[in-house]
Amino acid sequence: MDAVILQFLNGLDKGSAYALIALGLTLIFGTLGVVNFAHGALFMIGAFCAVTMSRLLSLSHQVVDETRTDFLGNPMKVDVPYVNDWFGEATGALIIDWAVPISILLAIPVMLLVGIVMERGLIKHFYKRPHADQILVTFGLAIVLQEIIKQVYGANPIPTPAPEAFRGSLDFGVMLGFDPYTITYPYWRLVYFAFSVIIIGAVFAFLQFTTFGMVVRAGMADRETVGLLGIDIDRRFTLMFGLAAIVAGLAGVMYTPINSPNYHMGMDFLVLSFVVVVVGGMGSLPGAVAAGFLLGILQSFASMNWIKDIIPGIDQIIIYLVAILILLTRPRGLLGRKGVMEE
Amino acid sequence: MSTSRFTRRGVLRTGAIASAGLALPTYLRAEAHTGFTNAPGDSEVVLGFNVPQTGPYADEGADELRAFELAVEHLNGEGDGGMLNTFSEKNLDGTGILGRRVNFVTGDTQTKSDAARASARSMIEKDGAIMISGGSSSGVAVAVQGLCQEAGVIFMAGLTHSNDTTGKDRKANGFRHFFNAYMSAAALAPVLQNLYGTDRNAYHLTADYNWGWTQQESIAAATEAMGWETVNNVLTPLAETDFSAYIAPVLSSGADVLVLNHYGGNMVNSLTNAVQFGLREAQANGKKFEIVVPLYSELMARGAGQNIKGIPGSQNWDWKLENEMGERYVGTNAFVQSFGEKYGFPPSQAAHTCYVQTLLYADAVTRAGSFNPCAVVEALEGFEFDGMGNGPTLYRAGDHQCFKDVVVVRGKENPENEFDLVEIVEVTPTEQVTYEPDHPMFDGGDLGECNPGA
């Protein structure tokens, strides 16, 4: 039982990442009709916003400490962060420690800008082109973006730790009546799950309860009629692209303490997130979220040793098997609408 | 009116013959008369350094490349000479190798056997490399060693720790300076017994390729021999970055020790996940839960940060060896000085083994008086040397494996600086880690005949 609870919890953080990426992916598809294969790259750029902020906050000048020697026996040069000079040692250390959450402040404008530039500069020219063209151009864009990141930040993963306060783990087992250390779960993964629930809730609330959101939903249902009412739906859809980029970027920022960011992390998530969108139903926001969590948790269960003993390698293919099963029984996906990608 | 003597058919035929000639590997054409592949000219010799520049072992690859550049500088008489000053042989005088200036080309193995073979093949066939070195994965080392054997060039392995490299996949043209999984286990087991006792249940996470398999087999055999029980062994894909699904079941498995048969980025991620899941603080079977990393490196310690504190493992070499363990390990400080002055930080064990391999190759060529791979093989087989940082060392003729002391380390609790991450627990003498070439873990291999190529 404890193993089942543990794998369920474990599936939540992976599911959170899938759900957040898939949400943006399906939002773009629902509004603009574009299959955006560069969406994983937006997740990756978000993660590197955290790396950038971490480096900016750690910018230092060197002072020579005559009392200590380095590995060659020379007087040691010690890096002193500028934030220590400006705010004092304790506050400076606290600011650097909280670099990842602080990165959200950088990621929001950066991702909005990247999203709008991407949509206005390239993707809008492919609205009326076949989906195959859209996939090719956005996939190409994803490769370009990841190579740029590789050139700037290098090929290696860059450790980006969570704040000290969230580095431990919570002993769930004791809370549920099990022995101590039977079910432990890292604090930061809980933070990530809570964060993703908040972001998903905020996106739904934005679409459901604001005039802007109402117009966007109307545009998703019948773009032409909304246009005839004199509403500039294109401008709103462009902003929705920016919003989707922000969601993917924030998912990337908060994911960095779970897994050190590297240039191909977007590609690692993209294919799985696309499967999530298809399983959830192309263009369906609740479908993307439900499928994200469902597949994340299933993948986690498939990693259990006794299951892998019966079917070796099942954890690597479970998502695709489930996708095939769902598409055979529900061709439009879990919550897909009629008419989407059926022309 | 002039008439051209060229006909369309003639131009096509000539072009086809010329193209075929150009497309031939270099070792099948011009230098064939010398009797071996890629015989150098009078002024220059080309070495090929094949390292992982991307993938989970990219940190090691970058450091290997730095060491190769330094070795080439020293061979060409630039810099302070490094270990040339401490090496027991005095044949290398800074004038290159046999009077030829040393040049090098590099390739990216990507930690993939296919990519590594392709880049090694390119360096041999297009760039005329006469020796290939580097690599940070045994899967890659075994693949490239096989290629070098076929092509008739020497392979001086970089960081490869699988028993197979000089065991069942040993080749006459291949030589390994780095230690292996059997040696790690033989050195580490007595230390683990002292630290954690004889009544322990171990859960293994193992990288799913030949290094991981032999590492797990070796450490499981050594720990079981002292009374530990192996509860489970779970294979993990080399490309995996999130090990949480593998770590989660460990505490409920009845294990009280987690053995991470991972290296490089794999180990950094799996250890980080293990610490995130509270394994360092956990109690199991009435004992404190422990983590063991059989193959260790300073680079990994740097990547893992605070998570590495107190965790034991083994190394081929450490940059503090001469300072802490005495003059037996002479050469260490000379190398650290050269490397540190040039790059600003101390070298890793990956850098050390690649640097040493380059000098050993150059010395063997010089002693043999020839670049012919078979002459080099003869010069290296049974070669005993000192002054390269590991103490007295033997290149055993039977399997082309180096035998020397093994360093047992653990993550330092209170580092004095960013490079002081590992403390040396003890140095296990060569005799304790020596085995016969036909030991069951190394059996089934055959060096075969050396291949000079052309």
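Reply: A quick word on terms before we start: the domain bounds used here come from an automatic or database domain assignment. Keep in mind too that this is a predicted model. On that basis, chain B splits into domain 1 (44-179 + 322-403) and domain 2 (182-315).

Now the sheet. It's an open one in chain B, with 4 strands in the order 7-6-8-11 and parallel pairing. Strand 7 (229-236) and strand 11 (290-292) of chain B sit at the edges with a single partner strand each, so one side of each has no neighbour in the sheet. On average, neighbouring strands are turned by 20 degrees against each other, direction ignored.

Further in, strand 6 (residues 201-207) and strand 8 (residues 257-261) of chain B pair in the parallel sense over 5 bridges. There you'll find Ala202(B) opposite Val257(B) of strand 8.

As for the helices, helix 6 (residues 210-225) of chain B lies across strands 6, 7 and 8, at about 165 degrees to strand 6. Helix 8 (residues 264-276) of chain B also packs on the sheet, touching strands 6, 8 and 11, and its direction makes about 160 degrees with that of strand 8.

Contacts link 18 residues of domain 1 with 19 residues of domain 2 in chain B. On the domain 1 side, the elements giving two or more residues are helix 2 (58-75), helix 4 (138-151) and helix 12 (349-368) of chain B. That side divides into 5 nonpolar, 9 polar and 4 charged residues.

Note on methods:
Residues numbered from 1 in each chain as written. Chains lettered and ligands numbered in written order. Predicted model: local features only at pLDDT ≥ 70, side-chain atom pairs only at ≥ 80, totals over all residues. Pairing = 2+ DSSP bridges. Axes fitted to C-alpha atoms, helices over the stretch in contact; angles between N-to-C directions. Contact = placed C-beta atoms within 7 Å. Nonpolar A, V, L, I, M, F, W, Y, C, P; charged D, E, K, R; others polar.
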